[in-house]
Structure formats: structure tokens, C-alpha cells
Amino acid sequence: MSYLVLARKWRPRKFSEVRGQPHAVRALTNAISTERVHHAWLFAGTRGVGKTTLARILAAALNCRKGAAPEPCGECESCTSIEEGSFVDLMEVDAASRTKVEQTRELLENVQYAPALGSYKIYLIDEAHMLSASSFNALLKTLEEPPPHVKFLLATTEPQRLPVTVLSRCLQINLRSMDSETIGDQLTAICKGEGVEAEPGALARLARAANGSMRDALSLLDQAIAYGADAVRETDVADMLGGADQPSIVHLLNALAGGDGEALLNGARELRERLADPANILAEMAAALQRLALLQTVGEGVLDEDDDAEMLAPLADALPADQVQLFYEIAIQGRSKLALAPDPGLGLEMTLLRMLAFRPVSAAKAKRGSAPARPAPAPEAPARPAPEAPEAQARTVFEAPAPEAAEAPAPEAPETPAPEASEEDGTREEASAPVADEALSPGRWPETVAGLGLEGLSRDIAAHSELVDGSDGRLRLRLDGAHENLLTEEARQELESALLAALPAFQTVEIEIAGAGKGDTLAARNRAAERRRQQRAEEEFKADPFVQASLEIFDAKIEVGSIHPVDRAQAKP
């Protein structure tokens, strides 16, 4: 039974058939067209990207019986014999098996003789970095001044290991790792040419698994065709690669979106029972999250040819964009640390649980959406900073105080504005009650924002804005330019509706963008309050007798940035 593997059967024979290396093809074809073919070429790149393939095509183009041309004819005796590996004027050497200097000298013994059949005698040295130092020295003189009928073609995966004296005598072409889209297109064309039924998702998975190597992709396709009995299915490819199929990955992402820890862990354990590798599961999750981010940023058109776009589209609406970014970061970080886990399966589960446990600021705000609004501050009370709840919650999630800092005296509790008293009956007004326009002023705008009960993006925008004017039924705000990205059309409409509902004396809301402002905003006051809290915490910590004694006894130093304020309400008794 004779079978030619796909990597050899579909190997390019002309420059026009080469995929993913347009810069290399252009350099070589132009060199041939202008008759400026250098005597020594170095093809560098990772495995399976076309180094020896391009070298053979160049050899065929130079020795084609129809004359040197940018494209070999592929039909003459020289072209066919080069393709078959029997061309006498093409000496192809594997340097890994011929490292000794005697073998290099033997190779170069006949270099001065003219070619037997072709126009040029070609020396193709693969894995050139494996030659010994003595071999390079033996090659150097000939490489520098070869006879006019000789061309040297060197290929290597590690050009940095070649002596600089060799590198300086070669024209170097660096071949790129191929992107998965280019590999996927080639796999699709090959399956059509072979008459093999293939699911697009399966070919996309093979393309990603090839890690930029076309040869590896063709080898994996060979394996997948055999595994699926002349059909390439996504579930078969997932089992073959030890990964997870797309529906299973989408199931995990749906569980994350819904905060369903039980479904999340059960889904992961089912994949593990199917012998899916934890590293591959996290890699597939990261790939799906990347496509999800593309959907959210660019739109559905970016994945028109991807059969999982329909499955991912609902998730694009269910998950905030920043949460998708956080999940992606956790997935790739968790994958890189699986080797440190007691067991890869446990590492996978902890990575998924970390995705459930951590939420970016926007998600924290969404969860706090149903919290009761705060009372508005009293007019006669002096301006006092109010803490910004979402930022404080984000710090609670992502930062933990240093062990010594936990023992330090806790700073005073965050200050909350006093409730506003009604001028008519002296009773407290609820935060959602309308605020009279005459009570508004630029200096009181931060207190007003704190008492309006705004949520989500509308609260963020208002907190980073300052009041410009509040007369004639028109509310004019100036948003700090550093936060201009918050002001989407949807957020603008949400803020306008919220402000007009809370401030019925106004009919319009105008928002202008300023530079990196230093205006009197709620966010600015909160930042100032936070700086004061941090400074007090550092001063109290350094003044603690236990800390001072420790510094003196152990000749210790306080690590910069290790001290964080601790709220009394959160501190353990």
C-alpha cells in the first residue's frame, strides 16, 4: 500500500503556490527577474514554514530548462527531478547528520567543477546551525568567493547560532510563523482537493493547534482524516487533540456569565472525563474569548465564516467587554501556571473559580445596582468627601493588605455626607427626591451627585464631571477628557434620563469634553480623600511601637506600597 502524506503531496512547487510568505516570494522572484541572484541565501524561521520548500523552488527556477525565470515550469526534466529529489546538481545536506569537518570538506571537493545538467550547482544545507565550528571554517572561504556556477542555500531554525562571519556573507530571509486563518484556508482547499468532508470548526481547531507551522497542520490533518475515517469532524478533532469542542467551551462561558459555579465545575469535570487536557481547555477558552471580544468590538461580520459565531453572539450581549478581557487574562495566566498546581485538573478548576470570584469594576457596579440610594447631604454642612463605592469594592476584590498592615490601627471609617434636611418641615428627604435647581452650584455638584442615587456608567460620568451652568432649565456639565471613553451614546441617554428624573426643574442636559481636568468633581474629592486615608494609614503604621521595635531589632525596612487602609467595617474583630 503506497500513500503519499499530505505534507509532501501538497508541497508548493512554484512561488505562486507558497502561502503566508509574500515578502520572501517577492524578494526571490525580483532577484531572478533582475538577474541579481546572490550566491548565498539564508532562510530562517521556525519549523514547517517553508524554508527548504522555498530553497527547492529557487533551485528549480535557476535550473529550469526553459531558462531562469521567476517561476519554474514544473514540467521539464530539471524541475521534475528536483521535485523527486534526484537532480544531480542539487546537493541537499542535513547538517545535523554531517557535523564533522571531514564531511564538509568532502562535500566541497567538486565545487569547482561545472554542473552536469543544470545551469547552476546548488548546495542546500538544512539545519545549518548544527555544523561544527571547524565545518564553518572549512565552508567560509568557498561561501565568500564561490565559482560563478555555484549557489549556497542555507536553512536554519536558529540563525543566532551561526557565526557572524557566515551571516555577513548571506542574504537572510526571515520566514514568519503563519497565522491560523492562512493555515485554515489552505486546509480547506486541500480537503476539497482530496474530496474529504470537513467541518469548518474542525479545520479552524487544527489550524490553531499547528502553532504557525503549515507542515504541522498538514500532519494533523492527515491524522484527523484517519481518525474520522475520511471525514474531519470537530468532536473527533477535539478528542484527538485532547481539547474541548466548541459547544462545551460555550457551555463553560454561559455558566460563567450566569455565575453558576456548579454548572461550571460539572462541565469542566465532564471534559476531563473525556481525557481533555486542562491546558488545551484553557487555550480553547482563551481562543473563544478572543473571538468574543472581536464580536463585541468589531461586530458579527468579523466571524461570518466561523461556524461558532452564532453560538458566541448571545454571550457578546451577556458578558461586559471588560469582563471578557479579565476572563481572557485569567485563562492564559492559569494555563501558564498549571505546572505549579498539585494536579492539572485542580489547576483548571481553580482557574475557573478565579473567573467567578473576580469581577472588574463595571461588574461590581452592576451587582450593586439594587442597593438603596444614599440620602442627600445637608446644605449647611461643610463639603466633605464621599467614598466612591465601586472603586472601593474593586480594591477589596483585587488587593489584600500586607500581614503587618493588618495589625496596624485601622484608619477612621469613610466619611458619609450628612442627610439633607427639608426647609419646610425639617424631615430628611430621600436621595431620589427632586433637587431644586436653585440649590445647585459648582461647589455643591459633588454632593448632589452623591445623593442622586445614580448607577453604573451614568454615575461614573456624573462623578467625573463638574457643573458648568445650571440656569434657564439647562444643565451643562464638563466631563474630564481622561474619561471620554465612558460617554457612549447609550450612556449619554441613560445619564440624561436619570438627571432629568432626579432634577425635574431642568429640561435639557448638555455634556462637553474638557482636557485632563482638575475640576471639583465627586471623583476628584474621592481621590483626595483616598490619598488622605492612605497617608494617615502610613503615618499610624510607622508610629506603631511594635512596628518601630521590629524595624530596630531586625534592621528591617517597610516595603513601599505594602500599606493599605483597612475599613473598620471590614476589619476582623
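This is a predicted model: local features need pLDDT of at least 70, side-chain atom pairs count only at pLDDT 80 or more; totals for chains, interfaces and linings use all residues.

Trainee: Is L42 buried or exposed?

Mentor: A residue is called buried when its relative accessible area is under 20%. L42 has a relative accessibility of 1%, and therefore it counts as buried.

Trainee: Which residues does L42 touch, leaving aside those up to four places away in sequence?

Mentor: With those set aside, L42 touches L154, A155, T156, L162, L167, C170, L171, Q172 and I173. L42 and L153 stand 111 residues apart in sequence, while their C-alpha atoms are 6.1 Å apart.

Trainee: What share of the contacts between residues at least 6 apart in sequence joins residues at least 24 apart?

Mentor: That share is 75%.

Trainee: Let us turn to helix packing. At what angle do the axes of helix α12 and helix α13 cross?

Mentor: One reads the angle together with the distance between the axes. Helix α12 covers residues 246–257 and helix α13 covers residues 261–273; their axes come within 8 Å and cross at roughly 160°. Because angles over 145 degrees count as roughly antiparallel, α12 is roughly antiparallel to α13. The crossing of α12 past α13 is left-handed.

Trainee: Which residues form this contact?

Mentor: From α12 come S248, H251, L252, A255 and L256, and they meet A263, L264, G267, A268 and L271 of α13. By class, the contact has seven nonpolar residues, three polar residues and no charged ones.

Trainee: How far apart are the axes of helix α14 and helix α16?

Mentor: Their axes are 9 Å apart, and the two helices, α14 at residues 278–297 and α16 at residues 321–336, pack at an angle of about 155°. That angle makes α14 roughly antiparallel to α16. Here α14 passes α16 in a left-handed crossing.

Trainee: Which residues of α14 and α16 meet?

Mentor: On the α14 side they are A279, L282, A283, A286, L289, Q290, L292, A293 and Q296; on the α16 side they are A321, V324, Q325, F327, Y328, A331, I332, G334 and R335. This contact has 13 nonpolar, four polar and one charged residues.

Trainee: Where does E35 lie?

Mentor: E35 lies in the loop between α2, residues 22–33, and β1. With a relative accessible area of 73%, E35 is exposed.

Trainee: What is the phi of A229?

Mentor: The phi of A229 is near 55°, a positive value in a residue other than glycine. A229 belongs to the loop between α10, residues 214–227, and β7, residues 231–232. Its relative accessible area is 62%, so A229 is exposed.

Terms used. Residues are numbered from 1 along each chain as its sequence is written. Side-chain values use heavy atoms; hydrogens and water are left out. Axes are lines fitted to C-alpha atoms, for helices over the stretch in contact, and angles run from 0 to 180 degrees between N-to-C directions. Helices (H or I, at least four residues) and strands (E, at least two) are DSSP runs, numbered from the N terminus. Angles under 35 degrees count as roughly parallel, over 145 as roughly antiparallel, 65 to 115 as roughly perpendicular and the rest as oblique. A crossing is left-handed if the near helix is turned anticlockwise from the far one by less than a right angle, and right-handed if clockwise. Contact means heavy atoms within 4.5 Å. Ala, Val, Leu, Ile, Met, Phe, Trp, Tyr, Cys and Pro count as nonpolar, Asp, Glu, Lys and Arg as charged, and the others, Gly among them, as polar. Buried means under 20% relative accessible area, exposed over 50%, partly exposed in between (1.4 Å probe, protein chains only).
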